[in-house]
Amino acid sequence: MSRYPRRTGRLALRAGSLAAALGLWQLLTTLDVNLWVRFSQFPTVTDVARAFADRLAGPDYWTDLTDSLTRIVTGFLLAAVLGVATGVLVARSRLAEDLLGPVLEVVRPVPAIAMVPIAILLFPSNEQGIVFITFTAAFFPVLVSTRHAVRALTPVWEEAVLTMGGGRWRILGSVVLPGALPGIFGGLSIGIGVSWICVISAEMISGQYGVGYRTWQDYTIVNYPGVFVGMVTIGLLGWLTSTAVELVGRRLTHWLPRTSYVPGAQPRPARTPASTIEPTRAEEARDEHLV
């Protein structure tokens with residue numbers, strides 16, 4: 001019963017902070033405040049809301065939404081599978097590390113959005129190129145997180161499986177992958193966020209449909225409420241997909257201990273075991289008897 005008011009209060013606090021931010025935005029844009037930044041050029045919250053309602057009523061918004069989600073899901077799933085497989089391979093095999101490590105480390109610092117010219121040259125359609133850029137953006141965070149997570153595993157677990165007669169595949173399925181799951185999902189959470197950044201940028205540059213393409217088109221025709229509709233849509237999609245990845249990670253790692261930290265709560269004093277209290281009282285009684 002005590003958790004319900006606490007959770008309700010936190011949700012109310014979060015909703016209140018969002019409402020306060022929107023209210024401040026509405027106030028600054030309505031009053032045309034010009035301090036260090038020019039709020040007079042910004043659309044108001046009501047303008048953006050009206051533009052959002054108009055977009056929801058038309059078919060183009062849902063077409064753009066479907067195209068962007070298809071691209072992000074396809075590229076992210078490919079990056080998840082190949083990133084985990086490559087990370088495990090590089091972490092477990094010296095030969096793979098020597099063959100693939102130098103190439104991966106040279107390519108990894110290159111921003112995924114800088115791959116747009118390469119994608120245009122490699123792939124016959126813009127759709128395939130955008131998926132490739134999305135894949136590249138998520139691949140390296142997943143790869144690096146998986147590699148570090150596998151290398152951080154305790155060798156005793158693997159030795160225990162070997163002692164019981166397990167082979168390489170048994171070690172991989174019962175030790176390596178379960179033990180590395182927290183690190184893997186950390187990389188997946190980072191990868192999905194980077195993927196959204198790059199897929200929107202790629203749609204702005206070479207896309208024909210999608211949220212990024214529509215946002216850029218609104219900017220070129222000076223439709224600033226439409227630009228903010230695109231930004232809000234991108235934020236909501238990124239939040240939903242990141243939350244989905246986090247929920248899947250929690251479900252697959254349910255065996256991990258969860259923190260019970262509550263901000264602002266006073267720590268409970270540690271209880272003294274009864275076995276340590278009784279000898280103390282006996283010693284006091286003995287001292288009194290001697291005096």
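This is a predicted model: local features need pLDDT of at least 70, side-chain atom pairs count only at pLDDT 80 or more; totals for chains, interfaces and linings use all residues.

## A buried serine

Ser 195 is buried, with a relative accessible area of 0% (buried means under 20% relative accessible area, exposed over 50% and partly exposed in between, using a 1.4 Å probe and protein chains only). This serine belongs to helix H8, residues 168-206. Helices here are DSSP runs of H or I with at least four residues, strands are E runs of at least two, and both are numbered from the N terminus.

Which residues does Ser 195 touch, leaving out those up to four places away in sequence? They are Ile 72, Phe 76, Thr 134, Ala 137 and Ala 138, where a contact means heavy atoms within 4.5 Å.

## How the model was handled

Residues are numbered from 1 along each chain as its sequence is written, and side-chain values use heavy atoms, with hydrogens and water left out.

## The chain as a whole

The chain has 11 helices and zero strands. Of its 291 residues, 32% count as buried. Among contacts between residues at least 6 apart in sequence, 69% join residues at least 24 apart.

The accessible surface comes to about 19300 Å², and 66% of that belongs to carbon and sulfur atoms. These areas come from the Shrake-Rupley method with a 1.4 Å probe; for residues, only the protein chains shown count as cover.

## Where H2 meets H3

Helix H2 (residues 45-57) packs against helix H3 (residues 59-92) at an angle of about 80°, and their axes are 4 Å apart. The axes are lines fitted to C-alpha atoms, for helices over the stretch in contact, and angles run from 0 to 180 degrees between N-to-C directions. H2 and H3 are therefore roughly perpendicular to each other; that label covers 65 to 115 degrees, while under 35 is roughly parallel, over 145 roughly antiparallel and the rest oblique.

On the H2 side, the contact is made by Phe 52, Arg 55, Leu 56 and Ala 57, and on the H3 side by Pro 59, Tyr 61 and Trp 62.

## Confidence

The predictor's confidence in each residue is the pLDDT, from 0 to 100. Its mean over the chain is 82, and 86% of the residues reach 70 or more. Among the elements, H3 has the highest mean (92) and helix H11, residues 274-290, the lowest (46).

Over residues 272-291 the pLDDT is below 50, and this stretch has two contacts in the model beyond near neighbours in sequence.
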